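Please have a look at the structure before I go on.

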Amino acid sequence: MTKDSLRDDTTSPPDGLPSDVPLRILVVDDDEDARRALVSGLRSIGYEGRSAADGLEAWEMLEREPADVILADWRMPRMDGIELCRRTRASGRGYTYFMFVTSYADREHLLAGLEAGADAYQTKPVDLDELATRLGVARRVISAHRRLVAENAALRVDSQRAHADARVDALTQVPNRLSLEEALRVSWSHAKRYGHRYSLAICDIDNFKAFNDRHGHLVGDEVLRQVAATVRYTLRDGDSLFRYGGEEFVVVLPEQLLADAVIAVERIRSAVEGLEVAGVGGAITISFGVAELDPTQDDSPEDCLRRADAALYRAKAEGRNRVATDRPPGS
Ligand SMILES: [Mg+2]
């Protein structure tokens with residue numbers, strides 16, 4: 001940690017209002033003498049301020065450059081202090097510390113001012129000690145508000161990241177089973193609405209358990225990563241890969257009849273067959289079970305996955321490194 005960052009940490013919270021950043025102050029009063037007196041009073045206690053002659057002029061200035069603190073008179077032509085206060089509160093800009101500086105010393109005005117959204121209320125003539133203290137409070141309020149806004153933004157980013165992380169398999173970096181379930185829900189409603197068909201393929205690495213037992217889990221993990229990368233690389237646009245669990249992956253092939261899907265996964269199977277992974281002596285191969293989903297029949301993604309899984313079982317039984325379907329393609 002550098003000396004500077006250490007100082008920043010102790011003097012001001014991150015994303016708050018650092019103590020060396022001046023407050024942007026706007027003085028609003030239709031009485032020119034009062035306005036000047038307040039600006040020079042501010043200067044005598046170490047603050048600079050802009051000024052406006054009424055609420056409307058102040059509002060126009062604020063639209064060009066916001067203020068941290070507004071010190072406003074009550075009665076002014078065109079737009080009075082109460083209206084300026086209400087507009088400031090409704091503006092949705094960053095927090096502005098709003099303080100009335102008025103000759104109305106009665107309780108009714110004080111309460112009405114706070115009711116309109118003011119943070120503080122000071123009567124003329126201005127007591128500069130009190131004003132200096134108020135501005136210290138203003139800095140704390142603004143700083144806390146900015147910190148909160150920054151923390152909320154960071155939380156939103158964190159939660160978006162967590163949402164994405166929860167849907168990606170950490171080992172292979174392909175979308176996981178949760179992501180598959182969401183994708184199937186979407187394609188299912190799409191398929192039903194438009195009568196589109198699609199195919200699902202389950203893929204399993206042949207003899208994976210033997211790799212793990214013989215070469216250890218690190219090599220097994222590398223096999224999973226490389227198979228996933230190869231399948232992903234070989235997919236056609238629009239097709240997507242998911243890690244289903246263990247050494248099983250699912251490929252979703254939208255708008256593809258069984259015969260087309262078989263051609264697509266046959267190409268993937270053949271690409272994996274050429275794969276060489278360091279530490280693995282023999283060839284790595286995969287088997288596929290493919291099924292087509294028919295939204296016009298009493299079918300569902302779950303049933304389709306079950307049929308693909310049964311076909312996969314047959315591909316394994318018939319000797320592995322092959323593609324099997326739940327029914328003859330083209331039938
Ligand atoms: Mg006035």
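Helix α8, residues 208-215, and helix α9, residues 217-234, pack at an angle of about 140 degrees, and their axes are 7 Å apart. Axes here are lines fitted to C-alpha atoms, for helices over the stretch in contact, with angles running from 0 to 180 degrees between N-to-C directions. Helices are DSSP runs of H or I with at least four residues, numbered from the N terminus. The α8 and α9 pair is therefore oblique; angles under 35 degrees count as roughly parallel, over 145 as roughly antiparallel, 65 to 115 as roughly perpendicular and the rest as oblique. On the α8 side the contact uses Phe-208, Asn-212 and His-215, and on the α9 side His-217, Val-219, Gly-220, Val-223 and Leu-224. Contact means heavy atoms within 4.5 Å. By class that contact has four nonpolar, four polar and no charged residues. Ala, Val, Leu, Ile, Met, Phe, Trp, Tyr, Cys and Pro count as nonpolar, Asp, Glu, Lys and Arg as charged, and the others, Gly among them, as polar.

A word on the source: this is a predicted model, where local features need pLDDT of at least 70, side-chain atom pairs count only at pLDDT 80 or more, and totals for chains, interfaces and linings use all residues. Residues are numbered from 1 along each chain as its sequence is written, and side-chain values use heavy atoms, with hydrogens and water left out.

Next, α3 and α4. The axes of α3 (residues 55-64) and α4 (residues 81-90) come within 9 Å and cross at roughly 20 degrees, so the two helices are roughly parallel to each other. Gly-55, Ala-58, Trp-59 and Leu-62 of α3 meet Leu-84, Arg-87 and Thr-88 of α4. That contact has four nonpolar, two polar and one charged residues.

A cavity is a set of points on a 1 Å grid over the protein atoms alone where a 1.4 Å probe fits but cannot get out; a pocket is an open set with protein on both sides within 12 Å along at least five of seven lines, and lining residues have an atom within 4 Å of a point. The largest cavity has a volume of about 40 Å³, volume being the space filled by probe spheres set on the points, with grid points joined across faces, edges and corners.

Last, the largest pocket holds about 200 Å³ of space. α7 (177-194) and α11 (301-317) are the elements giving two or more residues to its lining, and α7 gives the most, with six.
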